[in-house]
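Please load the model in your viewer and keep the selection tool at hand. The stops below go from a strand and its partners to some backbone geometry.

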Amino acid sequence: MRYLLQSLSLALALAGISAPAFAATQYPLTVTNCGQTLTFEKPPTKIVSIGQGMTEVLFSLGLADKISGTAVWVGPVLPQYADANSKIRRLADNDPSFESVVAAEPNLVTAEFEWHVGPQGSVGKREQFSDLGISTYIAPADCVAKINAEGGDGVRKELFTMDLIYREIAELSEIFDIGDRGDALIAELKKREADAVASLGLAPGKNLPVLFWFSSKEVRGDAFIAGKNSAPAYILKTLGARNVVATEEEWPLVGWETISEANPAVIVIATMDRRRYAADDPAVKIEFLETDPVTKELDAVKNKRFVMMDAQSMNPTIRTIDGIEILANGIKSFGLSQ
């Protein structure tokens with residue numbers, strides 16, 4: 001409901017009409033989330049957050065004091081939340097056990113991805129938590145027009161947009177009766193996005209072919225490249241650039257011979273602390289690109305047009321706005337925006 005009110009407020013503002021202040025949340029509150037109906041009699045008091053992106057949304061809404069445990073981290077927390085984060089128990093860097101989540105005694109579990117809490121949840125199914133009286137909230141960005149039945153990163157049937165993140169912010173704000181904080185955060189993110197686009201002037205992106213490389217299981221093997229409907233695809237569309245990949249998989253594995261045919265002008269390289277895969281280290285990525293006989297002939301490599309971007313900015317999170325800003329600055333620095 002609050003997401004709808006936020007959209008109404010924006011429409012009224014564009015029409016020059018002052019929107020009324022939002023009323024406090026009326027409980028019991030019913031929210032439809034990723035195919036399930038959730039009912040809250042009052043604001044949850046204890047959260048376990050699974051997924052760095054989800055946790056940073058909660059931090060941004062001023063809910064750190066309600067978080068009793070976190071898990072699934074790719075890199076450092078946003079700097080402004082480092083102190084708050086240091087005081088919260090980290091259940092696991094990757095997937096926590098169901099038992100460890102329950103032991104933290106939450107009455108709400110929030111998850112960034114269905115593969116952690118969902119029909120085939122690696123942490124647990126939603127029914128397992130509800131049987132214990134624990135509500136579960138999944139980021140809308142991971143279930144709206146997205147199929148996760150096959151495991152992995154899923155298949156996205158429609159282009160991701162930041163509206164899904166704004167919906168998450170608005171729904172969490174309503175659940176916790178902090179609508180004013182949610183409205184302020186959404187307004188800030190929208191302004192930053194508009195400013196990044198405006199910074200490129202009259203010729204944003206120029207339809208530049210751009211590749212987003214997250215990682216690879218083997219350095220010289222196929223690479224996890226952003227699909228056509230992913231968060232990076234939204235970044236590219238926003239800036240007028242073009243994705244070199246046309247598959248609906250979120251992060252398909254693509255061979256470098258195929259990539260060479262598209263010959264990207266810019267390669268965006270994920271940076272992260274995680275070292276699960278051989279190419280997680282950005283330095284390893286660069287060395288491969290500059291020494292492999294196929295990749296060293298790419299336009300982006302010959303001209304050293306590499307944009308370093310933290311991995312979370314490539315996921316559907318509030319950091320997607322950081323990704324827009326980072327790539328916009330990269331395009332300008334390469335002299336490609338004119």
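Begin by selecting β10 together with strand β14 (residues 266-271), which pair in the parallel sense over 4 bridges, where two strands pair if DSSP finds at least two bridges between them. Helices (H or I, at least four residues) and strands (E, at least two) are DSSP runs, numbered from the N terminus. Within this pairing, L211 has I267 of β14 as its bridge partner.

This is a predicted model, in which local features need pLDDT of at least 70 and side-chain atom pairs count only at pLDDT 80 or more, while totals for chains, interfaces and linings use all residues. Residues are numbered from 1 along each chain as its sequence is written, and side-chain values use heavy atoms, with hydrogens and water left out.

Now colour β10 (residues 209-216) by accessibility: 8 of its 8 residues are buried, meaning under 20% relative accessible area, with exposed over 50% and partly exposed in between (1.4 Å probe, protein chains only).

Next, select Y27 and P28, whose peptide bond is cis with omega near 5°; P28 lies in the loop between α1 (2-14) and β1 (29-33).

Finally, compare C34 in the loop between β1 and β2 (36-40), which has a positive phi of about 50° although it is not a glycine and is buried at 19% relative accessibility, with K304, which also has a positive phi of about 50° but is exposed at 53%.
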